[in-house]
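Please read the points with the structure in view.

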Protein chains: 2
Amino acid sequence: MSDPSEAQIYPIEHLREFTERVFRSAGVPEADARQAADVLLASDLRGIDSHGLARLQGYYELLAAGRINPKPRIRVVRELPGTATVDGDNGLGLVVGPAANAIAMEKADVVGSGWVGVGNTNHFGIAGYYPLQALARGMIGWAMTNASKLVAPVWSAERMLGTNPIAIAFPGKTEPPIVIDMATSAVAYGKIEIAMRHQKPIPEGWAVDASGAPTTDPTAMVGGGSLLPLGGDRERGGHKGYALSAMVDILCGALTGANWGPFAPPFALRQHVPERSVGRGIGHFFGALRIDGFLDPDEFGSQIDDWIRTFRASRPVPGTPGLVIPGDPEREAEAARRASGIPLVPAVVNDLRAVARQSGVPFD
Amino acid sequence: MSDPSEAQIYPIEHLREFTERVFRSAGVPEADARQAADVLLASDLRGIDSHGLARLQGYYELLAAGRINPKPRIRVVRELPGTATVDGDNGLGLVVGPAANAIAMEKADVVGSGWVGVGNTNHFGIAGYYPLQALARGMIGWAMTNASKLVAPVWSAERMLGTNPIAIAFPGKTEPPIVIDMATSAVAYGKIEIAMRHQKPIPEGWAVDASGAPTTDPTAMVGGGSLLPLGGDRERGGHKGYALSAMVDILCGALTGANWGPFAPPFALRQHVPERSVGRGIGHFFGALRIDGFLDPDEFGSQIDDWIRTFRASRPVPGTPGLVIPGDPEREAEAARRASGIPLVPAVVNDLRAVARQSGVPFD
């Protein structure tokens with residue numbers, strides 16, 4: 001969130017080992033610690049700095065405070081051949097998510113499609129991690145999660161929904177995959193924080209103040225205002241972003257026995273916990289589709305290659321780099337960071353040093 | 001699309017019978033004509049005037065010109081227990097869509113979830129019709145379709161994608177269902193046409209001109225410009241609307257053997273047909289989920305009731321009617337129109353009279 005020019009570069013394996021050891025120090029079993037670190041590192045590798053090591057302290061503190069169960073008994077509580085609900089036993093979403101996603105893929109292996117809802121879980125990292133797991137098995141994967149409230153639906157003056165992301169990926173044959181990973185809010189909360197730190201106004205269409213009136217003042221959003229859903233106000237389609245966010249919230253929350261809407265518990269230890277609880281933890285929803293349940297996978301790969309090339313050849317708007325295929329920026333970040341390491345801004349380095357002190361795991 | 005105050009009210013059954021007879025006059029078998037009329041009337045009943053009888057002439061002319069097959073042999077060309085691809089044999093989407101959606105529900109009946117892609121089909125009416133069919137069977141239903149190009153992805157100056165809608169519905173227990181039915185464009189094309197007719201500017205964020213520059217001039221969009229995806233420009237999240245539209249396009253087109261992206265054939269007889277074809281017709285994608293594959297359906301209904309009441313109780317933005325539950329406006333329109341009939345504006349009445357002359361079926 002700070003100025004990227006101030007970042008220091010760290011070797012990936014150093015950060016991975018540190019992260020694993022931090023989780024293990026909090027009582028997380030070895031394989032689970034490795035899995036959790038893999039999800040966090042994937043975020044930093046892919047350039048999504050807000051969801052990777054920047055959050056390690058949050059996870060660690062919730063574990064240390066007993067608010068997240070380090071040794072969950074993850075179990076299927078209801079199922080049919082093509083569906084399941086998983087109870088995450090209040091484990092790390094970084095562990096529960098991959099386990100539930102694997103169940104969705106196993107079901108797809110057997111019947112062609114698998115859909116798995118998860119309740120009683122916690123934040124699962126980047127949504128895009130999960131369809132990448134499906135890609136590795138030659139499947140189309142979907143992932144969604146609900147999250148604590150930040151977004152005011154159109155014509156509501158209250159935070160009622162999280163930034164509730166949707167991710168899905170499609171494999172090409174010779175082209176790289178199309179990887180969609182998007183919040184259903186107009187903008188990420190992190191962008192409001194950056195504007196506030198730099199004392200700059202935010203664009204109209206991102207946020208409302210505590211009364212629900214449009215604002216370009218980031219402090220008015222942070223101090224009791226809300227983000228707007230994708231689309232912004234009613235005139236520009238904000239009701240659609242709200243509907244998408246509601247869809248994610250219902251599939252992840254109401255359908256799984258998790259909390260939904262304004263009752264989703266917060267990620268950070270110091271954030272306000274809603275008075276009312278309507279379920280357990282937050283919720284996720286995973287889907288997996290076998291491509292050969294629809295089309296010859298080789299033919300699908302060729303179609304995706306053609307789709308990508310057709311779209312890349314689209315005439316650019318003058319003065320812009322032209323159309324971007326979803327997943328391109330993250331893949332480019334990953335190539336650069338795999339080669340040279342992961343840049344961490346001073347604020348994140350300070351957090352990691354604090355985690356090092358708290359956990360007794362040396363950072364540097 | 002004209003001024004609603006000029007509308008004349010017609011009895012539902014009169015319009016239904018006329019529509020059925022028009023389809024039959026074009027060679028559509030009786031049961032299919034009834035099905036097709038039901039989809040169109042559902043649109044008019046629900047207040048979505050752009051997708052109902054306003055399009056009857058379009059369907060009729062394509063049938064009469066031999067561009068749509070009135071007697072399709074709809075068949076499953078590939079399947080697994082939880083998936084299928086259906087070839088619509090170039091039939092009416094209003095007939096192929098319901099048949100394929102029924103297959104998705106039958107698969108969900110057996111294994112819990114069913115996902116059916118459809119290629120070689122045509123426009124299927126309102127996307128919201130299909131999850132309503134699933135609701136009637138106590139399931140959660142999804143529907144998507146791709147469509148002919150109107151939308152320029154962020155930083156592209158060309159129409160590359162359709163308005164590619166997504167629909168999904170969730171049943172309440174005592175509350176009415178939540179029904180989401182939304183295009184992935186910032187706005188419907190019809191709103192641009194209305195602004196053009198009234199010589200009024202359109203809001204910033206709806207459209208770009210032929211060079212890809214933002215425009216508030218509706219004629220600049222219609223004459224070679226494009227709609228923007230949900231979110232509008234890059235700063236306000238237009239890349240997310242583009243990604244959603246791409247997701248719909250790939251599931252409906254690339255995965256089913258249909259045309260995708262800029263190659264999706266147009267709906268109207270007089271519109272330009274793309275030179276290149278990458279598949280057959282357009283494509284749809286249907287999903288059905290058995291609620292008891294996830295949660296006790298009674299408990300889910302209670303959760304949805306609670307969700308709806310919680311959201312309705314949200315503090316309204318002053319000067320607005322407050323938060324709207326998705327599906328409310330359409331349900332209210334349906335109640336009013338079931339009671340008093342369907343208002344048709346003069347332009348639509350003129351079209352229907354033209355269809356009456358073309359088909360020999362009397363209108364009034």
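This is a predicted model: local features need pLDDT of at least 70, side-chain atom pairs count only at pLDDT 80 or more; totals for chains, interfaces and linings use all residues.

1. The model has an ipTM of 0.98 and a pTM of 0.98, while chain A has a mean pLDDT of 96, with 99% of its residues at 70 or more.

2. In chain A, the domain assignment gives domain 1 as 1-71 + 343-364, domain 2 as 72-184 + 233-313 and domain 3 as 187-227. The centres of domain 2 of chain A and domain 3 of chain A, taken over C-alpha atoms, are separated by 26 Å. Between these two domains, eleven residues of domain 2 of chain A are in contact with nine residues of domain 3 of chain A, and the side belonging to domain 2 of chain A comprises five nonpolar, two polar and four charged residues.

3. How many residues does each chain bring to the contact between chain A and chain B? Chain A contributes 71 residues and chain B contributes 71 residues. On the side of chain A, the elements that give two or more residues include strand 4 (113-121), strand 11 (282-290) and helix 9 (297-312) of chain A, but it is helix 8 of chain A that gives the most, with eight residues. By class, the side of chain A that touches chain B has 39 nonpolar, 24 polar and eight charged residues.

4. Within chain B, helix 1 (residues 12-25) packs against helix 2 (residues 30-45) at an angle of about 135 degrees, and their axes are 8 Å apart. Helix 1 of chain B and helix 2 of chain B are therefore oblique to each other, and their crossing is right-handed. Among the residues that make this contact are B:Leu15, B:Thr19 and B:Phe23 of helix 1 of chain B, together with B:Ala33, B:Ala37 and B:Leu40 of helix 2 of chain B; by class, the contact has eight nonpolar, one polar and five charged residues.

5. A second pair in chain B is formed by helix 4 (residues 93-111) and helix 5 (residues 129-136), which pack at an angle of about 40 degrees with their axes 10 Å apart. That angle makes helix 4 of chain B oblique to helix 5 of chain B, and the crossing of these helices is right-handed. Helix 4 of chain B makes the contact through B:Gly97, B:Pro98, B:Asn101 and B:Met105, and helix 5 of chain B through B:Tyr130, B:Gln133 and B:Ala134. These residues divide into four nonpolar, three polar and no charged.

Methods. Residues are numbered from 1 along each chain as its sequence is written. Chains are lettered from A and ligands numbered from 1 in the order in which they are written. Domain bounds come from an automatic or database domain assignment. Two residues are in contact if their C-beta atoms, placed from the backbone, lie within 7 Å. Ala, Val, Leu, Ile, Met, Phe, Trp, Tyr, Cys and Pro count as nonpolar, Asp, Glu, Lys and Arg as charged, and the others, Gly among them, as polar. Axes are lines fitted to C-alpha atoms, for helices over the stretch in contact, and angles run from 0 to 180 degrees between N-to-C directions. Helices (H or I, at least four residues) and strands (E, at least two) are DSSP runs, numbered from the N terminus. Angles under 35 degrees count as roughly parallel, over 145 as roughly antiparallel, 65 to 115 as roughly perpendicular and the rest as oblique. A crossing is left-handed if the near helix is turned anticlockwise from the far one by less than a right angle, and right-handed if clockwise. pLDDT is the predictor's confidence in each residue, from 0 to 100.
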